[in-house]
Amino acid sequence: MNKVFNNADEALKDIYDGAILLLGGFGLCGIPENCINAIVKKDTKNLTCISNNAGVDDFGIGLMLQKKQVKKMIASYVGENAEFERQLLSGELEVDLIPQGTLATRCMAAGYGMPAIFTPAGVGTEVAIGKEVRIFDNKTYLLEYAFDADFAIVKAWKGDTDGNLIYKATARNFNPLMAMAGKITIAEVEEVVPAGELDPNQIHTPGIYVHRIFEGKNYEKRIEQRTVKKLAD
Amino acid sequence: MLNKNQIAQRLAKELQDGFYVNLGIGIPTLVANYIPEGISVVLQSENGLLGMGPFPFEGEEDADLINAGKQTITTVPGSSFFDSAMSFGMIRAGKVDLTILGAMEVSETGDIANWKIPGKMVKGMGGAMDLVASAKNIVVAMMHTNPKGESKLLHRCVLPLTGIGCVKKIVSDLAVLDITNEGFKLLERAPGVSVEEIIAKTAGKLIVDGEIPEMQF
């Protein structure tokens, strides 16, 4: 069993037009930069992308939008992206906006082998239109289905040759959930170590969920809102 | 009339010792600057952090450590990281004691609209729909009127809803109000603002019962 690939191009070799992708990250934090750049280079088309955000104009999923590779975007928040807004308003891009917790839990359900979940998020709003409703203990809930995605593409801090993953700080966000939810899960990490080197107590994503892993390079890790205090403060 | 920092300062009085608190983007974020002395709260950031600290010093910012507004931040001792499902799990399960968020409109029955202006602005709901559907204690920070002077405290929301019957209290630039079964109930007025002005600028049903005190900070 070899899960280790040399780079994003090799790990994404069989990605195809029309595939459904789960892409980890929150804003630009913890996004799979190497894989996104490889998909842009490969020019795969008609993709459905499930990701909390859509990047910014010139970074992250925004790069895929610029090349019109995305047919449908499923996200919770898409501000900060003018090209996205333009494609949305012109009707070029199909967009499904869903609550952030619903997005996370639909990934979790897929990874836990559950077909659906009930959540109160969106009850009484346009999100609830057409959805099955159940009342538990006098509170209304919507039935939301687990995602059924072809590829999950995630970013972790460290990983080992068996595919075990550890994330750093808030770059964890959707990554472990999406890692669990892909038919094929591809993890790019900042450092790949031999199996046995990571402490099993510290593993966030067990390797069973990860089919391909590679060490990414040239991480830009762009910061969307650089907020600092001066040393004098 | 209060400015944004004064609204945040008044909101901070809603904090109680030991509270786990989620602060939304905008004015709610400023509440962290006014946590009263002797009170200790834990700030939850829904992208996966309990124990959010202040902004980092210049040069110490970490791209992997941001808040829900995508700002670089720090952690405080005792903090923890977790994934987005657990983050909304603790929100859904009612573990977060207080949620403060912004709004474009609130109705007299506690409905809130804050995520979309049809044809104009579609940024998405982010975590707002999950928060308002589950949190037990939701306080809204908002301007009482829009730039045209029209009330944002309505009989019924006009904009697409974020959640229904969920807002418990509002701190606006003019007043503090509870949302009761009978409508908005005026509790406090901002320094220098008359009850008449608040009545004139509140389109929804407003209850004014007895003498209304001026806000204390």
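**From an enclosed strand to the interface**

In this predicted model, strand β5 (residues 98-102) of chain B is largely enclosed by the rest of the structure, because five of its five residues are buried. The burial concerns both faces of β5(B), with B:L98, B:I100 and B:G102 covered on one side, and B:T99 and B:L101 covered on the other.

The neighbours of this strand can be followed in either direction. On one flank, β5(B) pairs in the parallel sense with strand β1 (residues 20-23) of chain B, over three bridges, and within that pairing B:N22 has B:T99 as its bridge partner. On the other flank, strand β10 (residues 138-142) of chain B also runs parallel to β5(B), joined to it by four bridges, and here B:G102 stands opposite B:A141.

Taken as a whole, the sheet of chain B is open and has 10 strands, in the order β4-β3-β2-β1-β5-β10-β12-β13-β14-β15, with mixed pairing. Its edges are formed by β4 (74-81) and β15 (206-207) of chain B, each of which pairs on one side only. An antiparallel part of the sheet is found where strand β2 (residues 42-45) of chain B meets strand β3 (residues 49-53) of chain B, the two being joined by two bridges; in that pairing B:Q44 stands opposite B:L50. As for the confidence of the prediction, chain B has a mean pLDDT of 96, and 100% of its residues reach 70 or more.

Helix α2 (residues 33-42) of chain A is mostly covered, seven of its 10 residues being buried, namely A:E33, A:N34, A:C35, A:I36, A:A38, A:I39 and A:V40. Just after α2(A), the backbone at A:D43 takes a positive phi of about 60 degrees.

The two chains can now be considered together. For the complex, the predictor gives an ipTM of 0.96 and a pTM of 0.96. The contact takes in 46 residues of chain B and 51 residues of chain A, and the two chains bury about 4,100 Å² between them, of which 60% lies on carbon and sulfur atoms. Of the area that chain B buries against chain A, B:D64, B:K70 and B:K123 supply 19%, more than any other three residues.

In one salt bridge, B:E61 is paired with A:R226, and their closest N and O atoms are 2.5 Å apart. On the side of chain B that touches chain A, the elements giving two or more residues are α3 (84-92) and α4 (128-134) of chain B.

Which residues does A:S76 touch? This serine lies in the loop between β3 (70-75) and α4 (82-90) of chain A, and A:S76 is buried, with a relative accessible area of 0%. Leaving aside residues up to four places away in sequence, A:S76 touches A:S51, A:N52, A:L97, A:I98, A:P99, A:Q100, A:L103, B:K123, B:G124, B:M125 and B:G126. With A:N52 there is also a side-chain polar contact of 2.7 Å. Among the residues that A:S76 touches is B:K123, one of the three residues that supply 19% of the area chain B buries against chain A.

Conventions. Residues are numbered from 1 along each chain as its sequence is written. Chains are lettered from A and ligands numbered from 1 in the order in which they are written. This is a predicted model: local features need pLDDT of at least 70, side-chain atom pairs count only at pLDDT 80 or more; totals for chains, interfaces and linings use all residues. Side-chain values use heavy atoms; hydrogens and water are left out. pLDDT is the predictor's confidence in each residue, from 0 to 100. Two strands pair if DSSP finds at least two bridges between them. Buried means under 20% relative accessible area, exposed over 50%, partly exposed in between (1.4 Å probe, protein chains only). Contact means heavy atoms within 4.5 Å. Buried area is the accessible area (1.4 Å probe) that two parts lose on being put together, summed over both. A salt bridge is a side-chain nitrogen of Lys or Arg within 4 Å of a carboxyl oxygen of Asp or Glu. A polar contact is a pair of N or O atoms within 3.5 Å; within protein, one must be able to donate a hydrogen and the other to accept it, and residues adjacent in sequence count only if both atoms are side-chain atoms.
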